[in-house]
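Please consult the sequence and the structure shown here.

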Amino acid sequence: MQKSRYGIKVLSSEVAAASTAAKGISIGIIGTAELVGRILQVLKAFPSFRPIPIVYEEDSEAPRLAEQLGGTVEVLLASGPVPYNRIREEANVQVALHYVPLTDTGFYRALFRLRNTIGSVEQNLRISMDTLSKQMVQKSLSEINETHTEAIYYDGPDFASKEQLIAYHQEQYESGACVAALTADESVARELTALAIPNEWIIPTDQNITVALERALLSTETRQSREAQVVVGLVNLDQFEKRIHVHTSEHEVQKLKLDIHRMLLDYVESLDGYLTPLGGDEYLFFTTRGIFERVTGGYKKISLGKSIYQKFGLSLSIGMGFGRSANEAGTHARIALRKSKEAGGDTCFIVGEDKALIGPLAMADPLEFALSLTDSELLKKAEDAGMTSGYLSKLMAQVARTGKTDYMVHELAAILDISVRSTHRLLLQWMDHSLVAIAGVEKVPKGRPRQIFRLTFLREKAGI
């Protein structure tokens with residue numbers, strides 16, 4: 001394992017194959033530790049991807065590593081144009097190959113930093129350049145009306161070695177032709193710094209990385225099939241029978257149902273889906289996975305819950321099911337709805353085609369974090385500690401709604417809908433299995449101080 005400055009562990013080529021057992025669309029990421037770390041940070045917004053990153057020291061290693069990964073991933077992403085061109089020209093890979101482009105935004109950032117290092121913005125600046133084309137650089141300078149920068153471009157071979165690029169920049173600097181260098185090669189930038197030659201490394205922005213990942217995602221066969229995969233949703237109005245008792249006439253009840261139906265229709269229309277009432281307080285709808293993922297921000301929030309509550313004072317329980325067939329998706333939607341009900345309502349769970357539980361999704365504005373409990377080891381640990389799926393769902397929903405992980409025993413008893421005595425007994429079991437810890441005590445005017453219990457397993461899951 002290596003570790004980038006972003007704190008992300010990056011797999012070496014020897015252990016990359018061990019990641020193939022995980023689920024998701026496998027994407028091989030090839031580059032330097034710094035760039036791979038940046039890509040993995042942005043990749044957190046792409047829940048469909050399962051990354052298999054490999055770090056190299058020299059660009060010349062990229063073709064061999066690409067061939068090594070080619071048989072185990074669905075798509076390859078090179079960290080920049082240099083490794084991409086090497087892989088395309090020198091390697092035999094049968095999967096889609098993409099790269100993170102260097103655009104004007106990365107160039108502007110590097111130029112701005114270099115000017116801050118050199119001195120005044122009005123000062124004429126002659127720089128040596130590699131990798132970026134003359135046409136692109138001149139166009140970028142023209143667009144910002146930059147007339148104080150002049151660039152000299154490397155005109156050597158396309159696959160220049162690190163030593164060739166260093167020698168080129170060093171020659172331009174020592175001859176006085178240039179006062180600084182811009183390079184797209186991280187190792188070249190390090191060597192130039194060691195030689196006391198002013199320079200900046202041109203690196204892609206997060207937006208450049210996002211665009212590259214979106215293109216890579218859409219090019220995979222798995223993604224193309226998942227985009228059109230049928231998703232089944234079940235919506236239940238929480239305690240609807242109690243709610244309609246406040247209406248004095250059947251006419252008002254029917255009008256309320258029509259208004260709710262209209263709002264549900266509007267939401268399902270935003271999913272380009274199909275809605276049908278199942279009678280009473282339950283509705284069924286169909287949509288496709290690609291649209292559902294985009295509208296929910298990658299399975300993070302469902303705005304429908306907030307809209308229904310604001311207008312009608314009602315909460316919703318929603319179950320979403322993914323499956324390889326409509327029948328399987330429907331079955332999973334029913335399981336997910338049951339999980340939402342067990343959590344006390346006003347939430348949404350998803351059951352995937354692999355029966356993994358995802359959620360709860362935020363029913364209002366997105367919280368600072370979203371819990372996604374698909375860790376089989378954690379589920380097994382909770383089960384061994386006597387934490388039933390019902391208790392687990394309720395605790396997850398509560399934390400997702402409030403962002404709070406510290407509770408008094410009576411608060412937990414109310415959430416779990418059991419007695420305080422039973423809650424104490426469960427807390428002892430959960431503490432023995434390192435799921436819960438004592439976070440402190442609260443002093444009260446009379447009586448013994450009350451302990452504060454921390455749901456450490458959910459705190460760790462949320463990355464707090």
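R262 is partly exposed, with a relative accessibility of 47%, and D259 is partly exposed as well, at 24%; buried means under 20% relative accessible area, exposed over 50%, and partly exposed in between (1.4 Å probe, protein chains only). Their side chains form a salt bridge, that is, a side-chain nitrogen of Lys or Arg within 4 Å of a carboxyl oxygen of Asp or Glu. Both residues belong to helix 11 (residues 250-270), three residues apart, about one turn of the helix; helices (H or I, at least four residues) and strands (E, at least two) are DSSP runs, numbered from the N terminus.

The model is predicted: local features need pLDDT of at least 70 and side-chain atom pairs 80 or more, whereas totals for chains, interfaces and linings use all residues. Residues are numbered from 1 along each chain as its sequence is written, and side-chain values use heavy atoms, leaving out hydrogens and water.

The structure contains 13 salt bridges, including these:

| Pair | N to O distance |
|---|---|
| R262 and D259 | 3.0 Å |
| R38 and D206 | 3.4 Å |
| K341 and D238 | 2.8 Å |

R38 lies in helix 1 (residues 33-43) and D206 in helix 8 (residues 206-219), so this pair ties together parts 168 residues apart in sequence. R38 is buried at 8%, while D206 is partly exposed at 45%.

Four strands form an open, parallel sheet in the order 8-7-9-10; strands pair if DSSP finds at least two bridges between them. Strand 8 (149-153) and strand 10 (199-201) stand at the edges, each with a single partner strand, so one side of each has no neighbour in the sheet.
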